[in-house]
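I opened the model to look up a helix pair, the domain layout and the chain interface. My entries follow in that order.

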Amino acid sequence: MIYGDRNLGVIVQNITGRQGRFHTELMNDYAREVGGRGVVAGVAPGKGGQEVHGVPVYNTVREALREHDATASVVFVPAAHACDSVMEAAHAGIDLAVVITEHIPVHDVMSAVAYAKLHDCTVIGPNCPGLLSPGECKLGIMPAHLATRGNVGVVSRSGTLTYEVVDELTRAGIGQSTVVGIGGDPVIGQTFVDVLARFEDDPQTKAVVVIGEVGGNLEEEGVRSTSLPVVSYIAGVSAPPEKRMGHAGAIIEGGEGDARSKVRRLAALGIPVASRPSEIPGLIRSML
Amino acid sequence: MKLLEYEAKEIFSKYGIPVPKGVLVRAPEEVTAHLPELGDAVVLKAQVDVGGRGKAGGVLFADDATAVRTARDLFSREIKGVPVREILVEERLAIEHEYYVSIAVDRSSRQPVILFADAGGVEIENAALADESAVRRVVVSPLLRDIPPFLMRELLGGAPKELGPVINSLYRVFQEKDAMLAEINPLVTTPQGVYAADAKLIVDDNALARQGIAVNRDLSEREREAEKHGFSYVELDGSIGVIGNGAGLTMSTLDLIEYYKGRAANFLDVGGGADQERVVHAVRLVASMPEVEVIVVNLLGGITRCDEVAKGIIAAGVAPTVIVRMAGTNEEEGRRLLAEHGYRMLESMDAAVRAAMEVAL
């Protein structure tokens with residue numbers, strides 16, 4: 001596993017919201033199943049003193065951490081305030097913030113990620129499903145029943161497409177070490193490079209599935225940075241070419257960011273690229 | 001969302017970036033009244049959202065005698081298929097040198113990146129590809145309000161120092177207007193000083209509300225309907241309708257249709273929490289496209305309640321065949337309900353797409 005094991009103590013920010021409430025219960029169901037600690041406290045300003053599914057709620061992260069031993073936070077705070085919550089968590093000493101919230105303005109994310117870094121806090125997301133180390137811990141909203149423990153890492157920009165791939169792997173009898181959804185936004189905390197570096201240091205992980213999408217060149221950057229065997233799948237090859245973002249996008253990314261050219265560039269790096277999700281288990285098996 | 005040149009220039013101007021004197025006209029005759037303030041030589045620029053506008057004939061030069069006629073000519077044109085409804089008429093600058101500057105979001109370093117080139121203009125991309133050193137780049141911490149002088153020196157190299165304040169103002173625009181891209185190409189020097197001869201500003205779609213920018217697009221009835229329900233929806237030209245949850249999975253379903261040599265009619269991502277009512281709206285929306293012969297519903301997730309989705313599909317009661325692939329809570333109940341009403345629910349997305357192909361052929 002990477003990022004944490006069953007001993008990881010977790011808080012949920014905006015635990016009293018609909019999503020926060022619902023997924024706190026699911027995360028703790030999973031923690032009970034694997035004998036982990038799970039969500040030990042929640043945060044919701046002005047709601048301190050309440051309980052959500054037996055989890056105590058505090059007004060601030062600092063207050064929660066005064067009473068509980070936790071190092072990770074899962075953020076379900078609405079877009080307008082999500083980045084403030086990430087900075088609050090980082091400031092209070094949280095090491096890992098997983099941001100589920102979607103539609104956060106990019107400039108807020110850039111600032112929050114930079115601020116978190118100053119406080120040695122790692123950010124996953126935003127607009128991501130979180131992470132799951134089967135048999136150890138779950139932070140976020142991934143459907144845990146699709147996953148099984150094993151030695152293939154999965155890192156993806158998508159949500160449901162990740163579940164699809166995990167489901168395919170599990171059905172084929174290939175278990176996963178950790179599944180990480182890094183988020184589909186232009187700016188995200190952990191990129192493929194960061195997650196692949198963690199997999200590289202993880203004795204459990206023997207090979208990695210990299211699931212990418214249209215836009216940017218973070219997938220290529222990631223696979224170039226690792227010595228682990230990698231299989232990739234890129235969604236969006238049938239998409240009409242994206243409207244181009246002036247000249248700057250092309251200059252920064254050195255050419256087109258469309259899926260087909262991304263597939264070509266990955267193939268040129270010697271990476272097997274599946275043309276559909278159901279091909280992934282076969283390709284991975286040949287690398288183990 | 002990309003702003004038009006004149007909108008971007010209005011914003012740049014408010015931040016102290018000098019822009020040429022100019023007026024926006026919506027009819028050729030309006031030009032006459034403004035000629036005295038613009039001078040003898042003018043540039044007429046079609047305000048259309050297309051790249052390579054100049055090369056496509058969207059920028060014309062004129063003098064005071066030919067301005068109205070030239071405007072009439074430009075209004076009669078289509079620039080890459082887009083009709084010209086507004087023209088920005090500007091004074092013609094006495095350009096000494098053209099530079100290039102842009103500020104964008106760098107996905108890799110997660111910071112603003114500033115690009116600067118000593119030779120600006122329409123050939124900037126080719127120049128950058130041919131010679132990497134032609135474009136200098138620096139990244140700035142998003143926690144800083146201004147570009148630090150040492151970075152500005154690095155960026156400008158031997159270029160005139162008077163460009164510095166303009167670039168810093170552009171950085172303020174980039175930050176305060178939630179820009180994904182702020183570009184001046186060319187940034188020009190003239191005997192009268194520095195000017196932004198062109199302006200490009202793309203605002204983050206997730207920040208339009210707080211920037212007070214109303215999205216003003218021409219939507220079809222179906223697109224309006226999709227927007228109302230919060231679906232992400234794009235129409236294509238095939239006959240296989242697609243409904244999925246999550247952009248990646250929906251995109252992947254479209255790719256799979258192409259893999260099996262089929263043609264998708266649309267992209268529809270219902271988003272999170274596909275309940276009965278949302279499914280009814282989604283299915284009816286896709287079924288209302290005349291070309292659609294079959295609809296593939298591909299839903300996956302822990303929270304998706306398959307019995308709810310099944311009820312939605314049945315309640316939609318549409319003519320095209322609906323083929324379902326879903327996994328989640330109450331899967332068996334969903335399968336039973338669908339079977340009872342003559343719908344097929346398949347185990348994998350491959351199987352679902354193949355089944356749809358048979359109907360569409």
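**Helix pair in chain B**

I looked up helix α8 (residues 247-259) of chain B and helix α12 (residues 349-360) of chain B: their axes come within 10 Å and cross at roughly 55°. Axes here are lines fitted to C-alpha atoms, for helices over the stretch in contact, with angles from 0 to 180 degrees between N-to-C directions. Helices are DSSP runs (H or I, at least four residues), numbered from the N terminus. The angle makes α8(B) oblique to α12(B) (under 35 degrees is roughly parallel, over 145 roughly antiparallel, 65 to 115 roughly perpendicular, the rest oblique). I noted the crossing of α8(B) and α12(B) as right-handed, that is, the near helix is turned clockwise from the far one by less than a right angle.

From α8(B), B:Thr253, B:Leu256 and B:Ile257 make the contact, and from α12(B), B:Met349, B:Asp350 and B:Val353; contact requires C-beta atoms, placed from the backbone, within 7 Å. I sorted these residues into four nonpolar, one polar and one charged (Ala, Val, Leu, Ile, Met, Phe, Trp, Tyr, Cys and Pro are nonpolar, Asp, Glu, Lys and Arg charged, the others, Gly among them, polar).

**Domains and interface**

Chain B has domain 1 (21-91), domain 2 (97-207) and domain 3 (221-360), with bounds from an automatic or database assignment. I found 44 Å between the C-alpha centres of domains 2 and 3 of chain B.

Between chains, 44 residues of chain A contact 47 of chain B. The chain A side divides into 23 nonpolar, 15 polar and six charged residues.

**Source**

This is a predicted model: local features need pLDDT of at least 70 and side-chain atom pairs pLDDT 80 or more, while totals for chains, interfaces and linings use all residues. Residues are numbered from 1 along each chain as its sequence is written, and chains are lettered from A and ligands numbered from 1 in the order in which they are written.

Definitions and conventions:
Helices (H or I, at least four residues) and strands (E, at least two) are DSSP runs, numbered from the N terminus. Two residues are in contact if their C-beta atoms, placed from the backbone, lie within 7 Å.
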